[in-house]
Amino acid sequence: MRGNQKVRYGCIIVMIGILLGTAIVAINGIYGSATDRQYVGIEHMTQNSRNHLTDTLTYNMTLLNLLGNDYNNKDININKDEIQTKMEVFIHETGMSLCIVDEYGMGYDYKGTQIDFNKYASVSDLLAKKEGIIQSEKSSNLDDAEIYTYTSVTNENNQNYLLIGWYTKNNLNDMYDIDIQSDWNIYIVNQDGNIILPINDSNKWGNLFDYVNDDKNLRASMRVGESGIKLYLCGSEENIICFKPLKKINDWYIVTIVPQSSINQKSNTIIFNVLILCGCFCISMFIVIYYIIKLIKDNAALIIKDESNALRSKFWSQMSHEIRTPMNAIVGLAEIAKYSIDDKSKLEECLFNIDNTSEYLLAVVNDILDVSKLESNKIELSIEPFKMSEIIDIVKTISSSNANFKNIKICIIKSGNVDQIICGDQHKLKQILVNLISNAAKFSDVNGKIRFCIKTENIEENRVKFLFEVTDNGIGIKKENLEKIFEPFEQADNNVSSIYGGSGLGLTICKGYIKLMNGKITVDSEFGKRTSFYVEVDFPLANDSEKEIYAVRTKSAKADSVSITQIPPTDYATLGNKRLILLADDNAMNLEVMTTMLEFYGYKVVTAHNGQEAIDIFDNSAMFQFDAILMDVQMPIKNGLDATVEIRALNRIDALKVKIIALTANAFKEDRDLAQRAGMNMHISKPIRMKELKDKLDELFLEE
């Protein structure tokens with residue numbers, strides 16, 4: 001016990017250590033990220049400050065050039081009053097002072113005060129450069145000017161003038177209006193490190209290089225016009241210094257200085273807030289997880305019940321489809337027969353097809369009843385004498401008709417004596433073998449192969465064991481679904497029913513019947529390659545009285561055979577200008593019945609066997625060729641709902657206008673809602689009464 005406690009405490013300590021280590025790494029990462037973001041923010045602020053100043057200088061320079069253009073036909077002596085008036089307006093708009101001088105440097109400002117500008121700069125040099133911005137000389141500046149902007153003017157008498165504006169420190173401060181944080185300092189300095197302009201009033205020094213302890217790298221970078229951001233030691237305090245040259249004035253730099261302590265404080269605040277949020281999140285997650293676990297424990301039985309109900313709901317929906325589909329064919333065939341009293345061959349064909357479809361419907365109903373009885377342990381075996389060879393022949397005949405449709409070859413291999421008379425439920429055995437081979441054919445590709453092996457073993461003097469194997473080279477089953485396929489209300493994949501059809505009860509019934517016979521069934525599969533089912537069941541050999549019963553029954557048995565009358569294909573060219581209907585249904589019998597009934601009422605019909613085929617036919621048709629589409633919902637490859645959505649999305653004018661009616665065995669309200677959301681105009685449940693369908697079509701066509 002103590003050893004277990006030590007292990008438990010050791011695990012707790014290790015977990016705490018891992019959490020602490022993770023927290024330390026995360027905090028370091030957050031701290032570094034926060035610091036990096038602060039550096040980026042400083043650089044952005046410096047860049048924005050530089051852009052703001054240079055953009056303002058550029059804008060005012062443009063205004064100065066425009067003003068100079070107005071003076072092209074003026075004489076500064078003759079038009080003095082007019083020039084001064086415009087200069088006053090310009091000064092009011094830009095905030096800088098202004099004067100105009102001739103090529104000798106003589107002139108006046110906006111007040112009329114005489115100015116000799118040669119005292120402040122070389123006029124001839126400025127006239128040669130035409131326009132620009134220069135820094136004033138501290139020893140001789142005009143009206144405390146910091147920088148001058150100038151542009152040359154030549155009037156119609158070829159007289160050259162200079163229009164000169166200048167900024168004082170106050171002008172620059174008024175012009176440079178930008179919000180900065182209280183502990184950030186921004187300056188304009190020249191390449192010698194001297195302060196030209198404190199954007200804010202917090203400067204504590206006169207020269208940048210005297211303020212920085214190790215100024216060599218900073219001085220060298222600014223000498224060659226570089227930009228940069230770096231941590232410098234200034235006296236006893238660490239500061240982040242970001243410097244960028246001004247674009248319009250070569251010797252000036254804009255410099256941002258931020259104490260490292262300010263960055264650390266902000267980073268610590270961010271980490272503190274993150275830790276609080278993480279703590280709140282962890283506490284919330286613990287609470288949520290606790291209540292989720294509690295909820296799962298309290299409602300486990302309810303969840304299982306809900307899942308079971310959902311599976312049963314899905315199963316009965318599938319059963320509704322399986323029952324209503326043959327019912328629809330029977331109702332349609334009956335209507336055709338009613339209108340074909342005088343056509344004996346057509347009447348016989350309808351009656352024959354009604355008989356076959358009724359047998360299929362009966363088989364589906366029996367499957368449902370068998371599953372119900374198997375679950376309630378109420379089904380019983382019907383024991384009678386028979387030969388296994390006869391069962392094999394019947395299974396071969398039934399299975400071959402289904403396999404021939406896909407050109408699948410069935411190879412039957414018999415080993416041992418299969419002609420002995422044995423006793424058992426031959427009908428259930430036949431159903432088991434037919435189900436297994438039908439499944440193999442269903443899930444095999446065209447031109448596939450099925451191997452059906454029968455082997456006998458004498459286990460006792462009066463009993464014989466039969467070993468059956470059904471192997472196909474079809475799609476296979478995933479390993480995780482091998483056991484699932486035998487469960488009621490389950491299939492190997494959610495899309496099996498929609499792609500391959502069927503109710504999904506076959507294997508459930510097979511397993512139930514084999515269990516009743518005290519046999520066993522197993523499955524082995526390679527996904528994408530093959531599937532093999534193995535059945536083991538033993539039967540007692542018939543005694544003399546049972547052999548006599550078998551002989552009497554065999555002698556009185558009769559075979560019935562019926563020939564199928566073929567319906568000649570319809571020649572649509574002879575039908576004239578009639579409504580054209582696209583009919584999509586995967587059931588061949590339903591297609592035949594519906595086509596015949598629609599043609600009887602005067603419609604032309606084009607058929608499709610699945611949703612994808614319906615899409616292709618409509619997409620390749622002429623514009624407005626089809627008046628309506630009758631769409632079965634549950635079809636392989638692509639169901640009717642998906643097909644309708646894709647048809648409505650086609651890049652055609654008639655795609656949104658063609659009438660689409662759902663003809664489906666799914667008759668529940670949610671099925672009608674799904675059809676409407678998919679874009680169908682109407683929903684009609686099977687079995688379909690043709691008169692009702694015609695009335696609905698007429699109703700839709702009247703809306704056009």
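## Values and labels

Trainee: Why is lysine 694 called partly exposed?
Mentor: Lysine 694 has a relative accessible area of 21%. Buried means under 20%, exposed means over 50%, and partly exposed is in between, with a 1.4 Å probe and protein chains only. The value of 21% therefore makes lysine 694 partly exposed. A word on the source: this is a predicted model with residues numbered from 1 along each chain as its sequence is written. Local features need pLDDT of at least 70, side-chain atom pairs count only at pLDDT 80 or more, totals for chains, interfaces and linings use all residues, and side-chain values use heavy atoms, with hydrogens and water left out.

Trainee: Where is lysine 694, and which residues is it in contact with, leaving aside neighbours within four places in sequence?
Mentor: Lysine 694 is in helix 19, residues 690-702. Helices (H or I, at least four residues) and strands (E, at least two) are DSSP runs, numbered from the N terminus. Leaving aside neighbours within four places in sequence, lysine 694 is in contact with Tyr601 and Tyr603, where contact means heavy atoms within 4.5 Å. Lysine 694 and tyrosine 601 are 93 residues apart along the chain, and their C-alpha atoms are separated by 7.7 Å.

Trainee: What makes lysine 74 buried?
Mentor: Its relative accessible area is 16%, and buried means under 20%, so lysine 74 counts as buried. Lysine 74 sits in the loop between helix 1 (2-70) and helix 2 (80-94). Not counting residues up to four places away in sequence, lysine 74 touches Asn79, Glu82, Ile83, Asn155 and Tyr161.

Trainee: How do you know whether leucine 347 is buried or partly exposed?
Mentor: Leucine 347 has 22% relative accessibility, so it falls in the partly exposed range. Leucine 347 lies in helix 9, residues 344-375. Its C-alpha is 5.2 Å from that of alanine 337, which is 10 residues away in sequence. Ala337 is also among its contacts, together with Ser340 and Ile341, once neighbours within four places in sequence are left aside.

Trainee: What is the label for aspartate 585, and why?
Mentor: Aspartate 585 has 5% relative accessibility, so it counts as buried. Aspartate 585 is in the loop between strand 19 (580-584) and helix 15 (588-600). Residues up to four places away in sequence not counted, aspartate 585 touches Asn590, Leu591, Ala608, His609, Asp632, Met635 and Lys686.

Trainee: Which backbone atom does the side chain of aspartate 585 reach?
Mentor: The side chain of aspartate 585 reaches the backbone nitrogen of asparagine 587 at 2.8 Å. A polar contact is a pair of N or O atoms within 3.5 Å; within protein, one must be able to donate a hydrogen and the other to accept it, and residues adjacent in sequence count only if both atoms are side-chain atoms.

Trainee: What is noted about phi at asparagine 518?
Mentor: Asparagine 518 has a positive phi of about 60° although it is not a glycine. Most residues other than glycine have a negative phi. Asparagine 518 is in the loop between helix 13 and strand 17 (520-526). Its relative accessibility is 69%, so asparagine 518 counts as exposed.

Trainee: How are two packed helices described?
Mentor: They are described by the angle between their axes and the distance between the axes. For helix 11 (residues 426-442) and helix 13 (residues 506-516), the axes come within 9 Å and cross at roughly 145°. Axes are lines fitted to C-alpha atoms, for helices over the stretch in contact, and angles run from 0 to 180 degrees between N-to-C directions.

Trainee: Which residues of helix 11 and helix 13 meet?
Mentor: Lys428, Gln431, Ile432, Asn435, Leu436 and Asn439 in helix 11 meet Gly506, Leu507, Ile509, Cys510, Tyr513 and Ile514 in helix 13.

Trainee: How confident is the predictor in the protein?
Mentor: The pLDDT, the predictor's confidence in each residue from 0 to 100, averages 78, and 78% of the residues score at least 70. Over residues 558-576 the pLDDT is below 50.
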